[in-house]
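Trainee: I have a new model to read. Can we go through it together, starting with charge on the surface?

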Amino acid sequence: MRGNNMSKNNDEIIIELFDENRNAINYELLDIVKYDDKEYAVMMRQYSVDGEVEVFRLKHTEDKSATLYKPEKNDYIIMQVYEMFKEKYQKYYSDRIKFED
């Protein structure tokens, strides 16, 4: 997915991504987590009612002018990043996100 727009509403950072069919999907950026020398975005679809987060691997262009958001497919990496995020923010986001053990 490619990030096109980023905006800030109150304390939320909203990123507009496009899927393979060029449909726009807005995500709220919750945190950037470093794991194994790579950066991962923990995000939730804007106005999500199920409170489910998604993990995207960040890839910056060489000149740092753009960032690609690639949905992470490796379950182990997803769980590691999720656990790091959960440990840091469980109390802060507990009213919006359904944290699982």
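Mentor: This is a predicted model.

Trainee: Where does Lys59 lie?

Mentor: Find its element. Lys59 belongs to strand S5, residues 53-60.

Trainee: Why does Lys59 count as exposed?

Mentor: Exposed means over 50% relative accessible area. Lys59 has 57% relative accessibility, so it counts as exposed.

Trainee: Now Glu72. Is it buried or exposed?

Mentor: Glu72 is buried. Even so, it has no salt bridge. A salt bridge needs the charged atoms within 4 Å. The nearest side chain of opposite charge is Arg57, 5.4 Å away.

Trainee: Which residues is Glu72 in contact with, beyond its neighbours within four places in sequence?

Mentor: Tyr40, Val55, Phe56, Arg57, Ile77 and Ile78. Glu72 itself sits in a loop, between strand S6 (67-71) and helix H1 (75-93).

Trainee: In what order do the elements run?

Mentor: Read from the N terminus: β-β-β-β-β-β-α.

Trainee: How much of the protein is buried?

Mentor: Of its 101 residues, 35% are buried. The accessible surface is about 7,300 Å². Carbon and sulfur atoms account for 44% of that surface.

Trainee: What about contacts across the sequence?

Mentor: Take contacts between residues at least 6 apart in sequence. Of these, 31% join residues at least 24 apart.

Technical notes:
Residues numbered from 1 in each chain as written. Predicted model: local features only at pLDDT ≥ 70, side-chain atom pairs only at ≥ 80, totals over all residues. Heavy atoms only, no water. Helix = DSSP H or I, 4+ residues; strand = E, 2+ residues; numbered from the N terminus. Buried < 20%, exposed > 50% of the residue type's maximum accessible area, 1.4 Å probe, protein only. Lys, Arg positive; Asp, Glu negative; His and termini not counted. Contact = heavy atoms within 4.5 Å. Areas by Shrake-Rupley, 256 points an atom, 1.4 Å probe, with all protein chains shown as cover.
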